[in-house]
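Student: Could we go through the charged side-chain pairs of this model together, one question at a time?
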Amino acid sequence: MYDNLYLHGFEDSEAGSADSYTSRPSDSDVSLEEEREVQAQVQSQSPSQSQGPGQSRQEREQQATIQLERAKTKPVAFAVRTNVSYCGALDEDVPVPATAISFDAKDFLHIKEKFNNDWWIGRLVKEGCEIGFIPSPLKLENIRLQQEQKRGRVQGKQKQKVTEHIPPYDVVPSMRPVVLVGPSLKGYEVTDMMQKALFDFLKHRFDGRISITRVTADISLAKRSVLNNPSKRAIIERSNTRSSLAEVQSEIERIFELARSLQLVVLDADTINHPAQLLKTSLAPIIVHVKVSSPKVLQRLVKSRGKSQSKHLNVQLVAADKLAQCPPEMFDIILDENQLEDACEHLAEYLEAYWKATHTSMATPLNPLLGRNLGPTNLTPYPTTISGLQQSQRMRQSNHTGDHSTPNERRNLMTSDENYHNERAHKGRNRMSSASQHSREQQDPYQDYQDPYQDAYKPHRNRSSPGSYSHDSRHRL
């Protein structure tokens, strides 16, 4: 039932109208069958298809150049991750010479609109890459068939090995969601505390450019093979899982919708503790490993949280060891710094580079859905960034002392993600400033997050034993 979702509203719309695309992420396979089904519709609707036989090549190129230029100011319709490589320099069929986008497998592409049945208009998600023509799944399939025919003629009647066909593109969120894992299991104080420190930093550092949202559903169930297979769906539904597939699908769609605004999307996902959990989903997340390199340091951190945490020491050490055994390529970024400020700056540098890769030099128009998904203070596309954690804390403290509004008024003026984080840590507002003042004096990772909250800190997931989570309400933006 999900085979036709990758271009829902996109193929059926007039060429150039990327706004009508609605992300439906449960399927990431670009369907060639749908490409063929919509050919007749698109030919009647697309201005680039109405080229008469009398048009010269120069006229067609001029028309394609105009459409390419107009697409620069249009929002991103959807994004794909490539499963194949393509060299545009070798393709002589491109509508405008020297404008084909080359890419390797596992690259990411932003698609603006459909030009015709063989070509899309978009760009490679990489800093400095401009808009151009991208081969459609149908064209890539034709290229593959031609290559197989050539190989068949060369090999003659030799028996060829049958290989499983892989779709050329997987549909992914327009902005890859950021997911933190480690140093151990979520739901325990040490992991929750260290991740919250990073969430608080990102909220202020990328103010106006970021959406931090809580995800309580088990999104590891959102595997493409499960969501597209009715029999597997039935098995999952009958099994004893903490989230129904309907809830999981709803969360995945919400994440795709948030990503359409081209804001940074950060997920505080309760159930994700290992990168392999999201490997076969359509989210293509940026996996951040918050790492405590020394098991002895992690052991000391857990014990410092009291008996309620120490009695689950072994399960936390095992989880940290499983993450340490993962090959580095399973993570997009590893934060193994000993100081909070260093880890924050490392993560900020990576996300700044990703922001530049996803936003062209020409200002990308804000998606009309942005105002519906985000709070009013998040509508500024290019805010002034805060240089460091200490400065952000001074600003927060000065605003707190100079604001004479009531607590309810201040809460109503905050965006939903700010309400969410303040509710989670209302007992620990001074923790970030304390961490900044003493970070240079401490050698253990985030050690300065310990003493002030020995008795006051309350983990937001309220896990009292391994595997148990609280089912508090979801915080949506």
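The questions below concern salt bridges in this predicted model.

Student: How many salt bridges does a search of the whole structure find?
Tutor: A pair counts when a side-chain nitrogen of Lys or Arg lies within 4 Å of a carboxyl oxygen of Asp or Glu. With that cut-off, the search over the whole structure gives a total of 15.

Student: Is Asp 170, which meets Arg 81 in a salt bridge, buried or exposed?
Tutor: The N to O distance of this salt bridge is 3.9 Å, and the pair links strand β5 (residues 169-172), which holds Asp 170, with strand β1 (residues 78-82), which holds Arg 81, 89 residues apart. Arg 81 has a relative accessible area of 13% and is buried. Because buried means under 20% relative accessible area, Asp 170, at 5%, likewise counts as buried.

Student: What separates Glu 148 and Arg 144 in helix α4?
Tutor: Their side chains meet in a salt bridge at 2.6 Å, N to O, and Glu 148 is partly exposed at 30% relative accessible area, while Arg 144 is partly exposed at 25%. Both belong to helix α4 (residues 137-155), where they are 4 residues apart, so the separation is about one helical turn.

Notes
Residues are numbered from 1 along each chain as its sequence is written. This is a predicted model: local features need pLDDT of at least 70, side-chain atom pairs count only at pLDDT 80 or more; totals for chains, interfaces and linings use all residues. Side-chain values use heavy atoms; hydrogens and water are left out. Helices (H or I, at least four residues) and strands (E, at least two) are DSSP runs, numbered from the N terminus. Buried means under 20% relative accessible area, exposed over 50%, partly exposed in between (1.4 Å probe, protein chains only).
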